[in-house]
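Let's take a walk through a protein chain together. Keep the picture open while you read, and look up each residue as it comes along.

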Amino acid sequence: MDVMSLANPDVLIMSNLSLNPTFSPDNMLSEVCNMVISTVKLGGNVLVPCHASGVVLGLLEWLVENLTKSNLSDVPIFIVSPVADAAIAHPDIYGEWLNETKRSKIYIPELPFKHAQLIKSKRIFHFSNVADGMREVYKNPLYCFCRTPIFYVVVMLFSLLEKWRDDKNNAVILIEPEYCFATGLSTTLAPFLPMNIRSYFFPIDPSLNYTQAGKLIKDIRPKTVITSPTYFRPPVFQPNRTDLVLNCDAEVVKLASGETVNLLQPSLTLMSSFPRSK
């Protein structure tokens, strides 16, 4: 990443660092693909509760490629979300935010993502809800992305998990990083227990980790860094990992949830606050 344009700022506000710094996004991506392939080879279905945008778009392409290599190109991929149409279409029209490889395809002309082609070839289906035509093309095994990780309050996801929960060949995979490693699975799946479906936690978190954040601070040399005090303590689930903290040589203002700080400088008045945790 080119950081020269960010060099020597008066203030750097740093938040949303990786919630799972010991999990490499690339490794987790491979784990998800391997688990999907092994599950569908058993004849099982895979359910992935996740957000409608973000890493799921890259995961889609990676997954299709790996399924094809494993001679599983007939396995359909369903995206169930009220905003499925927009989530698939928007990445193709915001090319300036894509990486260099995908950005170059815009001028060929070629769509940077393969979603439209995969939908046309009936590799990917998208629905606003389970009742919106999904039954007409439903077949086992299948791979299903659903709108939200908080899926036990969503009727459409409840119906899918109710349908698949008693088959040990099926799997539910949580990929959103906000789940706590120790309690995420048990808390999220509690309304459906007991069940035979296999459950896994593979957090795909592209946010900066502590090492990357520390290097960024060192490279751009801010005068003041505003950040959360939690970044200076090891993660709750790994209290002995003193290496998993933010190293910062600049002046630090530690701003906890709900607090506000006013920074007054000769030509700058800045007020910043972190949202209160829910």
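Which residue takes a positive phi just after α9? Find the end of that helix: Arg221 is the one, with a phi of about 55 degrees. Keep in mind that this is a predicted model, so every value here is computed from the prediction.

## The chain at a glance

The protein chain has nine helices and eleven strands. Out of its 278 residues, 44% count as buried. Look at who touches whom, too: among contacts between residues at least 6 apart in sequence, 77% join residues at least 24 apart.

## A helix with two sides

Back to α9, which covers residues 210-220. Its buried residues are Tyr210, Ala213, Gly214, Leu216, Ile217 and Ile220.

What covers the buried residues of α9? The cover includes β1 (11-14) and β8 (224-227). While you're at this helix, check its start as well: a side-chain oxygen of Asn209 comes to within 3.2 Å of the backbone nitrogen of Thr211.

## A strand covered on both faces

Now zoom in on β8. In a regular strand, side chains alternate between the two faces of the sheet. In β8, Thr224 and Ile226 are on one side, Val225 and Thr227 are on the other, and all of them are buried.

This strand has partners, too. β1 and β8 run parallel and are joined by four bridges, with Val11 standing opposite Thr224. Four bridges also join β8 to β9 (residues 251-254), again running parallel, and here Val225 stands opposite Val252.

In soluble globular proteins, nonpolar side chains tend to be buried together. The largest nonpolar core here holds 31 residues, and Val32, Val36, Leu67, Ile173 and Ile175 touch the most other members. The elements that give two or more residues to this core are α1 (25-41), β2, α2 (55-69), β3 (77-80) and β6 (171-174). Of these, α1 gives the most, with eight residues.

Not counting residues up to four places away in sequence, Ile173 touches Val32, Met35, Val36, Val46, Leu47, Val48, Pro49, Tyr200 and Phe202.

Is Val48 buried or exposed? Val48 counts as buried because its relative accessibility is 0%. The C-alpha atoms of Val48 and Val172 are 5.8 Å apart, although 124 residues separate them along the chain.

Arg165 is in the loop between α7 (155-164) and β6. Is Arg165 buried or exposed? With a relative accessibility of 13%, Arg165 counts as buried. Leaving out residues up to four places away in sequence, Arg165 touches Phe192, Leu193, Pro194, Met195, Asn196 and Ile197.

Pro206 is in the loop between β7 (198-201) and α9. Pro206 counts as exposed because its relative accessibility is 61%. Beyond neighbours within four places in sequence, Pro206 is in contact with Pro25 and Val55. Its C-alpha atom is 10.0 Å from that of Leu19, a residue 187 places away along the chain.

Finally, look at two asparagines. Asn8, in the segment before β1, has a positive phi of about 60 degrees although it isn't a glycine. Asn71, in the loop between α2 and β3, also has a positive phi of about 60 degrees without being a glycine. Asn8 is partly exposed, with a relative accessible area of 49%, while Asn71, at 66% relative accessibility, counts as exposed.

Conventions
Residues are numbered from 1 along each chain as its sequence is written. This is a predicted model: local features need pLDDT of at least 70, side-chain atom pairs count only at pLDDT 80 or more; totals for chains, interfaces and linings use all residues. Side-chain values use heavy atoms; hydrogens and water are left out. Buried means under 20% relative accessible area, exposed over 50%, partly exposed in between (1.4 Å probe, protein chains only). Contact means heavy atoms within 4.5 Å. A nonpolar core is a set of buried Ala, Val, Leu, Ile, Met, Phe, Trp, Tyr and Cys residues joined through side-chain atoms within 4.5 Å. A polar contact is a pair of N or O atoms within 3.5 Å; within protein, one must be able to donate a hydrogen and the other to accept it, and residues adjacent in sequence count only if both atoms are side-chain atoms. Two strands pair if DSSP finds at least two bridges between them.
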